[in-house]
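Visitor: I'd like to learn how to read a model like this one, feature by feature. Could you walk me through it?

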Amino acid sequence: MKKASLVLSMVISLIASHSFAQEDSSKIHRIAIFVPLYLDSAFDASGGYRFDKTIPRYISPGLEFYQGVYCALDSLEKDGLRLEIKVFDTRGSEGNISRVVQEEGLDSFQLIIGSVSGVEYLQLASLAKQKNIPFISATYPNDGGLTGNPFVVIVNSKLNTHLQTIYNFVLRNLSTHNMILVRRNNVQDDRVTDVFKSLNTTSTGNLMNYQTVTLKDDFTGNDLAPYLDSLRENIIICGSLDENFGKTLCEESATLLNNYQLTLVGMPTWDNIKEVLKPEYKNLPIIYSSSFFNPGQDAWSTQFTKTYGKMTYSRPTDMAYKGYEVTYYFSRLLAKYDSSLLSNLNDRSFRLLTEYDFKPIFWSKTSTAPDYYENKRVYMVKRINGMLLRVN
C-alpha cells in the first residue's frame, strides 16, 4: 500500500533526526512531543517492516496524530517561528518516559505536548510539576486524580463536563418531549445516571421529567417501543458510554422510525462510532457531545485536506486534525508568551477550528493555585441527512 510505505518512511525520517528548527531572530523555544508510534514493534531487528503493506489498527491513532504534528511543523516553519521540536515514541525504548526523564535533560524544554493516557499521562504530569513545564494533554479526557498541579492543561474535556453540557442542552431544547434515558444494569452506567439525577434534582423538585429504562445488551426495538409515544416527539438519551450499546441503540431505533418520531442523544464516545454514518440512519437525528468540531467546509480545512492527501494519499482523521491544531496553537502561544503561556491559554489569535475555553480547576476553596486547567468548551453536534451540524 503506497500510503503505508510513504507514511512510515516519513515517521522514520523525523524520529531519526528528532528535531525541527525554524528560522527567526527571536528566542529558540524547545518543545517535547510524546506520542505512541510503536516503531520498535513495527520493525524487526534488521529494520524490515513487519506488517507488509498494512498499518495495524493499534498504530493508527498515534500515527495519525503525529501526521498532524508533522504538518503543523511545516506551517510553523513558514510562519517564521524558531522552534526545536523533539518527538518521543512512547511505545519505543527511546521514548520510555522513565528513561527520558533520566537521560534527556528535559529541563531545557519549555513545553510538553502528549497524546498519552493512563500511567504515561501521570508520569508527564509529575514531570511537568517537578520541572515547572506546561504539559498539554492533547487527547486524554481525564484528570487522573490530579491535584495541585497547575502545569497540566487538559484539552479533551472530561466526562463530567460532557455530561453537564448534554444535560443542559436537553433541558433547554428537548425537555418538552417524551424523554427516556436508556442504560444497562452495571456500575459503569450508574455514573452517567447519577450525574443526570444530580443535575436534575433541586430543592423544589426535578427540572425535567424523564424515565430511566434499564435494558439488556441484546435489546431490540420491541423493548424500546412500550416507552415511546406515537403522538409526540420521543427523545432517547443513551445513558451508557459503551460503544456497542450505542451502536445497538442506533440500529434498533432506526427500525422504529415508521411508527415514532425519534431523536437520539448520545455520549461523547459516539464520536468513535462510524456506524452513525450509515445511510439507513440518515433520517434519524443523532445528537452527541464532542470536544472537537470540524465543519470540513472552511478554507483552512479544505487546504489541510489537500496538503494531507498529497503527503499520505488519504483524508485526515480527527486525530490528524487534533495533532495539527494542538501543536500549532500551543507552539504559537509559547512563542508569543514564553513563560506566561499558562496565563494566556484562551488567546484566540491562533484559533483554527476549535473554540477552546480553558478554565482553572480548584478542588479546594482554599487553594491559591489551580489543580489543573481544563477545556470547558464542549460542542453538541447533530447528524441528520448525511450532514454534521453544530447545535450549540
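Guide: Let's start with contacts: two residues are in contact when heavy atoms lie within 4.5 Å. Here, residues 24 or more positions apart account for 68% of the contacts with a separation of 6 or more. A word on the source: this is a predicted model, where local features need pLDDT of at least 70, side-chain atom pairs count only at pLDDT 80 or more, and totals for chains, interfaces and linings use all residues. Residues are numbered from 1 along each chain as its sequence is written, and side-chain values use heavy atoms, with hydrogens and water left out.

Visitor: How many helices and strands does the protein have?

Guide: Elements are DSSP runs numbered from the N terminus, with helices being H or I of at least four residues and strands being E of at least two. On that count, the protein has 11 helices and 16 strands.

Visitor: How do I read the packing of two helices, say α3 and α11?

Guide: For helix α3 (residues 60-79) and helix α11 (residues 318-337), the axes come within 6 Å and cross at roughly 40 degrees. Under 35 degrees is roughly parallel, over 145 roughly antiparallel, 65 to 115 roughly perpendicular, and the rest oblique. So α3 and α11 are oblique to each other.

Visitor: Which residues of α3 and α11 meet?

Guide: On the α3 side they include Phe65, Gly68, Ala72 and Leu76, and on the α11 side Gly323, Tyr324 and Tyr328 are among them. For classes, Ala, Val, Leu, Ile, Met, Phe, Trp, Tyr, Cys and Pro are nonpolar, Asp, Glu, Lys and Arg charged, and the others, Gly among them, polar. This contact of α3 with α11 has 11 nonpolar, 5 polar and 4 charged residues.

Visitor: And how does α10 sit against α11, by angle and by class?

Guide: The axes of helix α10 (residues 299-312) and α11 come within 12 Å and cross at roughly 110 degrees, so α10 and α11 are roughly perpendicular. Trp300, Ser301, Phe304, Thr305 and Tyr308 in α10 meet Ala320, Tyr321 and Tyr324 in α11. That contact has 6 nonpolar, 2 polar and no charged residues.

Visitor: What about aromatic rings: how many pairs does a search of the whole structure find?

Guide: Rings of Phe, Tyr and Trp (its six-membered ring) pair if their centres lie within 6.5 Å; planes under 30 degrees apart are stacked, over 60 edge-to-face, and the rest tilted. The search finds 21 aromatic pairs. One of them joins Tyr167 and Phe196 edge-to-face, at 5.8 Å centre to centre and 80 degrees between the planes. Tyr167 lies in helix α6 (residues 159-173) and Phe196 in helix α7 (residues 187-200), so the pair ties together parts 29 residues apart in sequence. There's also an aromatic cluster: Phe292, Trp300, Phe304, Tyr308, Tyr321, Tyr324 and Tyr328.

Visitor: Are Tyr167 and Phe196 buried or exposed?

Guide: Buried means under 20% relative accessible area, exposed over 50%, and partly exposed in between (1.4 Å probe, protein chains only). Both Tyr167 and Phe196 are buried. Overall, buried residues make up 53% of the 392 residues.

Visitor: Where is Pro279, and is it buried or exposed?

Guide: Pro279 is in the loop between β11 (261-265) and β12 (286-290). With a relative accessible area of 62%, Pro279 is exposed. Its C-alpha atom is separated by 8.4 Å from that of Asn385, 106 residues apart along the chain.

Definitions and conventions
Axes are lines fitted to C-alpha atoms, for helices over the stretch in contact, and angles run from 0 to 180 degrees between N-to-C directions.
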